[in-house]
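The following exercises concern one protein chain. Please study the sequence and the structure before working through each solution.

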Amino acid sequence: MSLRNILLILHIAGAGTWFGANILQAVVPRLAGHEDKRIVAGWFRIASRLAKPIYIPAGVLILITGVWMVLISDAYSFASAFVIIGLTVIVIGAVLGNVVFDPTSTAAAQALEAGDEAAARRAMGKLGGFGALDTVLVLFTIAAMVLRLGA
């Protein structure tokens, strides 16, 4: 197996992890919505901590393998549109994680535990909106990679 194929497998595994974790975060709150509020609050406390075990390792894996594949490629470069898109979405994902997902998940958990339904709905709405945005960006990036836009 070639180095490129090993890197590509790892790259796809990282993207699949990011995309899959986003889908899970979109589905679990809706499924848990009929459960006790403590269960839903517990989910949001867990969601606020997903960066370290899931998102950061996936993002780093995607970044390292992507950069490495560009460095060993004769077919594309850092000026290729799909490479620029990929790098940009990694940065956007890191910013959203730190600025939106972590603090808003914590706020949702606190609001649920305090019985503040309005604040919980606002936080969950914000998470849903930004989660959808992040997921669409990841899916668009996957499509850009598969199609090698601008290569």
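**Exercise 1.** Determine whether Ala 132 is buried, partly exposed or exposed.

*Solution.* Step 1: recall the classes, in which buried means under 20% relative accessible area, exposed means over 50%, and partly exposed lies in between (1.4 Å probe, protein chains only). Step 2: the relative accessibility of Ala 132 is 41%, and therefore this residue counts as partly exposed. The model is predicted: local features need pLDDT of at least 70, side-chain atom pairs count only at pLDDT 80 or more, and totals for chains, interfaces and linings use all residues. Residues are numbered from 1 along each chain as its sequence is written, and side-chain values use heavy atoms, with hydrogens and water left out.

**Exercise 2.** Locate Ala 132 among the elements of the chain.

*Solution.* Step 1: helices (H or I, at least four residues) and strands (E, at least two) are DSSP runs, numbered from the N terminus. Step 2: the chain contains 5 helices and 0 strands, in the order α-α-α-α-α from the N terminus. Step 3: Ala 132 belongs to helix H5, which covers residues 117-147.

**Exercise 3.** State the distance between the C-alpha atoms of Ala 132 and Gly 16.

*Solution.* Step 1: along the chain, these two residues are 116 residues apart.

**Exercise 4.** Describe the extent of the chain and its share of buried residues.

*Solution.* Step 1: the C-alpha trace spans about 60 × 25 × 20 Å along its principal axes. Step 2: of the 151 residues in the chain, 36% are buried.
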